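Thank you for making time for this one.

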Amino acid sequence: MSPTVPGPRRAPARGKRAFAATWWGQAWVAALEDSTLDAGRLSRGRTYARKGMVGPVTVTPGKVNAAVQGSRPRPYRSSVHLPVLTDPEWDTLLDTIAARAGHLAALLDDEMPAELVDDARHAGVPLLPLPTELDPECSCPDWGYPCKHAAALCYAIAATIDTDPFVLFTLRGRRREEVFAQLRALRTAAQETAAPPAGIPAAAAYAHWAEEPPALPELPEPAAHTTALPVAPPPGTGLVAADLERLMADATERAARLLAGDTADLHLTQHQDAVRIAANNPGPEWFHHLIQNTNAKPTAFARLTRAWRHGGPTGITVAEQPYAPDPTVMKAARTALDAALAEMTDSPTHLRTWRNRLTLTHHGIQLRLGPDARWYPYLQDDDGEWWPAAPGDTDPVIALTSAWSQNGE
C-alpha cells in the first residue's frame, strides 16, 4: 500500500464473535443495530449468522439477498434494500474520489478511506448506510423490522464488506468495474484539459500504474485439451479423475478469457457458478449433483441454466431480481410494443406493467428489462412458470417478435 495512504480504521475489539473488523464493516453493523430497538431479534439474527444459517449471498444494486434457514424445513427468502445514489450524486462521489490520489490508491487496495466517506458526506452523498436507509424484507411471517432472518443476513454480509468495500458501491448502484471505468474517464478528461505538470507525485504515479498496469505480451492460444492427471485420486475420497480433469479444463478456459480481458463471470457466487457449469452441458450426472449440492429446486435450477445461456450473469440477474427502472424507458417501450402489436394481431391486446416487466397477459409472453438495457423475452409454460426464451435485445419489438415466433403466434 502507498505510504501516503493511512491504514484502515479498525473497530474496537469485541472478541472472536465480532462480525466486522474494519471501521466501514462496523459502520454497516452499527447502521443495522441503530435501525431498531428490538434487541431480541438482533440477538437471534446474530445467532443465526454465527451458526451458518445464511445461504449464499447475492449483492445487486440496491439489494442484498439470501436464503436464511429458520425453524421450518424450508429456508426463508430474506433481503435488505439500500437506496441507490442518483446520477448527480454519483457524479459528486466520483469527483470526490478523483480529487485525491490517496482515495483511489486506498480503494485499489480494497480499503475504504475514512477521509473519502467524510468528504462525500460533506458534499451531501451518503456512501455508508444510514440507519433509516436499511429496508429489510423477508418471506417469513414475523412482523419484526427487521425480523431475525433479515438481521442474520445483515450480520453475515458484514465480513464480506470488510474484505471488499466495493460491496457498498454496488449496493449504492454501481459495481467496481463501472466505478473504475468512470474514474479513468475523469482522469483522462482532466489530463487533456490541464497544463502539463512539472512532475508527478509518487502516490499518483503508483495509483496510475496500479489502475493501468503495462500491457501483457501476446499470449499463445490456449491448448485444445487439458493434460491428464498424473495419478488417480486416492481411493475413498469420492473424487473421480474425469471430473477433476473437466474442472481443470474449465479453469483453463476461464483463465484464458480473463487474460483476454473478459471478466464477465469473474465475481460469481457459488450458486451462480453452479448455474454457469450446468449451462455448459456437463451431462445429467453433473447436473444432478450441482442441484443437490446447491440445495436448489430442479425446475428453478434448470430455468436459471437457460437464463445463463441467453444472458450469462446478467441473464441470472434478470431471472431473479425485479427492480424499478426509469419510468420513461418503460413508457417508451410500451408505446413501441402497442404499435407493433396493432400490426401483428387483430384481436385486442393488453400489456401489464410491473417493475421492469411487460407482460402480454393473454399470450403467455413477457419482456424483462435487464441492467444492461436489453429486453429479455420470456414464455409462460402450462404451470404458469416463466422461462427465458431468447437472448436480450436493446429493441423491445425485436424481443417481442422473437418470443412471438417461438410461441407459435
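This is a predicted model: local features need pLDDT of at least 70, side-chain atom pairs count only at pLDDT 80 or more; totals for chains, interfaces and linings use all residues.

Let me begin just after helix H12, where Asn295 takes a positive phi of about 55 degrees. Residues are numbered from 1 along each chain as its sequence is written, and side-chain values use heavy atoms, with hydrogens and water left out.

The secondary structure of the protein comes to 15 helices and nine strands; here helices (H or I, at least four residues) and strands (E, at least two) are DSSP runs, numbered from the N terminus. Of its 409 residues, 40% count as buried, where buried means under 20% relative accessible area, exposed over 50% and partly exposed in between, with a 1.4 Å probe and protein chains only. Among contacts (heavy atoms within 4.5 Å) between residues at least 6 apart in sequence, 60% join residues at least 24 apart.

Which residues of H12 are buried? In this helix, residues 284-293, they are Trp286, Leu290 and Ile291. Seen down the axis of H12, these buried residues fall within an arc of 135 degrees, so they line one face of the helix, the arc being that of the directions from the helix axis to the C-beta atoms. As background, an α-helix has 3.6 residues a turn, so residues three or four places apart point the same way. On the other side of H12, Pro284 and Glu285 are exposed, while the cover over the buried residues includes helix H10 (241-259), helix H11 (270-279) and helix H13 (298-320).

Of these neighbours, let me take H11, which packs with H12 at an angle of about 170 degrees, with the axes 10 Å apart. Axes are lines fitted to C-alpha atoms, for helices over the stretch in contact, and angles run from 0 to 180 degrees between N-to-C directions. The two helices are therefore roughly antiparallel, given that angles under 35 degrees count as roughly parallel, over 145 as roughly antiparallel, 65 to 115 as roughly perpendicular and the rest as oblique. Ala274, Ile277 and Ala278 of H11 meet Trp286, Phe287 and Leu290 of H12, and the residues of this contact divide into six nonpolar, no polar and no charged. For these classes, Ala, Val, Leu, Ile, Met, Phe, Trp, Tyr, Cys and Pro count as nonpolar, Asp, Glu, Lys and Arg as charged, and the others, Gly among them, as polar.

On the H2 side the contact includes Arg41, Arg44 and Tyr48, and on the H6 side Lys148, His149 and Tyr155; its residues divide into seven nonpolar, two polar and four charged.

Finally, two loop residues. Asn356, in the loop between strand S5 (351-354) and strand S6 (357-360), is buried, with a relative accessible area of 0%, and, leaving aside neighbours within four places in sequence, its contacts include Tyr323, Met330, Arg368 and Trp375. Arg74, in the loop between strand S2 (63-68) and strand S3 (76-81), is exposed at 54% and, not counting residues up to four places away in sequence, touches Gln69 and Lys297.
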